[in-house]
Amino acid sequence: MSVQQKTFSEDLWDKFESVTKKVDNGKLFTQTLSKFLAKQHQIESSYAKSMIKLCKDKSYAPDMEMGTLRDGFQSYREQLELIGALHEEFSNRLEKLVTGQIDVYLEESRKQRKALIANGEKCTKDLKTAESNETKAKQNYEKLKRKQEESHEDLSKQPPGAKEQKARKNLESATKAADKADNEYRESVRQLQQNQNRFYHEEMPRILDDLQRFEVERIDKTKDWLLEICTQAEVIPPEVIDKNQKIRRGIENIDREKDLHDYIVATWSGAQRPQEAQYEPYQSSVLSPSFNISSPAGARKSGDSSLGSSTGFSNSSSNGNLAATANGYQNIDQQHPPTPHITNPPAIIHSSANTTPNAMTTPPQPVPIYQQPPSQPAPPIVSLSKNVNSNSINNHNGNNNENEDSVRALYDYNATEENEITFKANDLIKVVLKDESGWWQGSVVGDPTGRVGSFPSNFIKSDAPNQKKVDVTGSKCKVLYDYHPDCEGELDIQEGEILTIEYEDEGWYFGSNSKGVAGKYPSNYVQCLDG
């Protein structure tokens, strides 16, 4: 249904002030629209930047998880970041619309609108002035015409003589004044007619038509701006739907059975459960005072005698090193030191959850050799060297023994024999005797009893300043197993490859391959080459 066309000039010729107010309100509306869209841009931009920043924040990365659950959440973060980018693009377009179109229009139309309103106000003022002058001239003309009539009537009543002459002069003056007022009145009418013609037929209609065109342009532009915003906003929902569908697929792909299976496979060490504990009867490891080292067959059975000392040493001297075992006595040279070993070394420890187990044969894991305590050592060996007797051991607390070393306990150790000492991890131990068997003699620093006893040497590390460490800097090594890195900074190595070592750091080497690619790799995946 079409609306009958009406115009400001034809239908609102007498409503210039109302038209002016309409134009001013249009300006205020456009300014309000500009401010609103600018605020919308700020909100969209802030939301987009906050969302993108949240999705890029590494503290929310699912590195602690693994498998499909990690992948599903990572997909959610990635797609949400893309949605944030859509809002950021939309906010940028809003900003361009406000600053590049609306604000420019307001500035350009300001002078035109101001000029049109000023011309209309002048035209209106001129008409009102002409109307006022015409009214005053008419009133003066009518007043003087009545005075002329009165003077004429007065003259007709006077007899000839002096009074008649005076009345005639009054009539002449009144006639001149009335004629002058008549001319002024005619001129005011002519001026009013000109202003009426300008106001009703010439200038004011043009002004009203220009103001109407001005309003038409403003409304059309505003409509175009809002439609452009709708067009830009309509791009977002389909994109968001697409991103949400990808998020949904990632979440639907979460498989708890697979995740738990992969975790078990990656963590599984292959170790067997230990055998059931068995009761072992006590067997004495005390030395017999009358034992002859040249005749092992003459050793007494365990439990026949005791040392009679808390140190576990005999009061008699000996010409050789002796050792007591659970089955009797034998020469110390036949003993072997307990070797620390890790039956099932722990898996590689990484910050990433992407670790997957190697199929078939699993190479040694790159961890320091003492990640966990050694297995239970052999029964302690009580021994005496040629140069160490019970008296020198009992005097170990003095400052005159230059051979004493200080060692630090790596693990807790609980004595299982009377001649052993108990200590905790990180305790400091004074060593008074180091035996090839792997069982040393010493006392725990700070023990009020000052008791000296045996302890396994693979439960301690030396604090001696002159302890030598093999320097591998600049050495070559050969790769024994393939290793594929899971973390940034690690080097991909292949079996048989020759690498250069720059330095060692807690079970890891840092070096480079023949192509100059550098990184760290597990030291127990390679074998150092001599020379």
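Me: Which helix holds serine 173?
Reply: Quick note before that: this is a predicted model, where local features need pLDDT of at least 70, side-chain atom pairs count only at pLDDT 80 or more, and totals for chains, interfaces and linings use all residues. Residues are numbered from 1 along each chain as its sequence is written, and side-chain values use heavy atoms, with hydrogens and water left out. Helices here are DSSP runs of H or I with at least four residues, strands are E runs of at least two, and both are numbered from the N terminus. Serine 173 sits in helix α4.

Me: How does serine 173 count in terms of accessibility?
Reply: Buried means under 20% relative accessible area and exposed over 50%, with partly exposed in between (1.4 Å probe, protein chains only). Serine 173 comes in at 47%, so it counts as partly exposed.

Me: At what angle do α4 and α5 pack?
Reply: Axes are lines fitted to C-alpha atoms, for helices over the stretch in contact, and angles run from 0 to 180 degrees between N-to-C directions. Helix α4 covers residues 162-200 and helix α5 residues 203-234, with their axes 3 Å apart. The packing angle is about 20°.

Me: Which strands are the edges of the five-stranded open sheet?
Reply: The order is β11-β10-β9-β8-β12, with antiparallel pairing. Two strands pair if DSSP finds at least two bridges between them. Pairing on one side only makes the edge strands β11 (518-522) and β12 (526-528).

Me: Which residue in β10 stands opposite glutamate 504?
Reply: Strands β9 (residues 498-505) and β10 (residues 508-512) pair in the antiparallel sense over five bridges. Opposite glutamate 504 stands tyrosine 509.
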